[in-house]
Amino acid sequence: MTAAAARTRGLRVGLALLPADDDGTLEPFYADLLAGLEEELDRQGGTIFVQIVADLAAALVAFRRWSAEGLVDAIVVSDLVEDDPREAVCAELALPAVLLGGTSAPGRWVVDYDNHGAMQTGVQFLTDLGHRRLGRVSGPLRYRHTRDRGTAFDVAVAAAGAVGVQLEGDYGALSGAARTRELLARPDRPTAIIYDNDLMALAGLHEAALQGIDVPRDLSVLAWDDTANSRTSHPPLSVVSRNVHDLGALTADVLLRALAGNVPTIERTPGARVVARASTAPAPPPSVP
């Protein structure tokens, strides 16, 4: 499909996503991202085609089918991994690709969100409250953005003179609960825990309640991204907030420029901020032996 034809009947964008929780459904992040994408594409007469795939191999099969059947004009690639094959396959199929969270390189269209700075903002918020023992329940370590956040966590914790421990989750509630149990069982248990998404943070709240640990008096909980789940939980979750809806709109704009044959660029979203709610408080006083 040529760029001119795509402009005539509206850009069609493909997005193949891995399931991200225990029930095989999408992480809430993607609901906001897709809303921003769809709104912007709709204004231009475009549409987005989303398919849930089991793994990267299945994503490549989907790309090839979409290309063979003329279903899409461009592809959004998210959750990048080391030696990710998707960009090369898009080039082989002559499908423009926009990388979410990729690194800048000649010929690449990238929309970057600053995971490093966002994590530093979250850690500083907690250490400013006096927390000196921090935990983190991460997403899968295969993802580039997970490792970026992990590096930033270590740097920010050390800069604050605090100590930190990170455990890998999978974005689902079961892993959030399991990793929280591990952190709370430590003799030097954290007084604050950062979770890489709201599903794991909500499971952490439940696990703390089961153990009689009061949030936020005994434990502060900080989630990633400001979703409806975060705002309606008990207590409402403090979050590291990025405007994911605007990220989707920016991605749509970049897709349109890519299809128009413009010079590839890297676009960066505004920095994150912490929205403080009832799940965080000053660190509890040190226990007396």
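Colleague: Which residue in β9 does A192 stand opposite?

Modeller: A192 faces S220 there. A word on the ground rules: this is a predicted model, where local features need pLDDT of at least 70 and side-chain atom pairs count only at pLDDT 80 or more, while totals for chains, interfaces and linings use all residues. Residues are numbered from 1 along each chain as its sequence is written, and side-chain values use heavy atoms, with hydrogens and water left out.

Colleague: How many bridges join β8 to β9?

Modeller: In general, strands of a sheet pair through backbone hydrogen bonds, either parallel or antiparallel. Two strands count as paired if DSSP finds at least two bridges between them; strands (E, at least two residues) and helices (H or I, at least four) are DSSP runs, numbered from the N terminus. Here β8 (residues 192-195) and β9 (residues 220-224) run parallel, with 3 bridges between them.

Colleague: In what order do the strands of the sheet lie?

Modeller: The open sheet has 6 strands, in the order β7-β6-β8-β9-β10-β12, and its pairing is mixed. At the edges are β7 (163-168) and β12 (273-275), each pairing on one side only. On average, neighbouring strands are turned by 20° against each other, direction ignored.

Colleague: Which strands does helix α7 touch?

Modeller: Contact means heavy atoms within 4.5 Å. Axes are lines fitted to C-alpha atoms, for helices over the stretch in contact, and angles run from 0 to 180 degrees between N-to-C directions. Helix α7 (residues 173-184) packs on the sheet against β6 (133-138), β7 and β8, its direction making about 145° with that of β7. Helix α8 (residues 198-210) touches β6, β8 and β9, and makes about 160° with β9.

Colleague: What volume does the largest pocket have?

Modeller: The search uses a 1 Å grid over the protein atoms alone: a cavity is a set of points where a 1.4 Å probe fits but cannot get out, and a pocket is an open set with protein on both sides within 12 Å along at least five of seven lines; lining residues have an atom within 4 Å of a point. Grid points are joined across faces, edges and corners, and a volume is the space filled by probe spheres set on the points. The largest pocket has about 240 Å³. Of its 12 lining residues, R133, T191, P284, P285 and P286 are the closest to its centre.

Colleague: Which residues line the largest cavity?

Modeller: A16, L17, L18, L56, S78, D79 and R86 do, around about 30 Å³ of space.

Colleague: What pLDDT does the chain average?

Modeller: pLDDT is the predictor's confidence in each residue, from 0 to 100. The chain averages 91, but residues 1-8 stay under 50.
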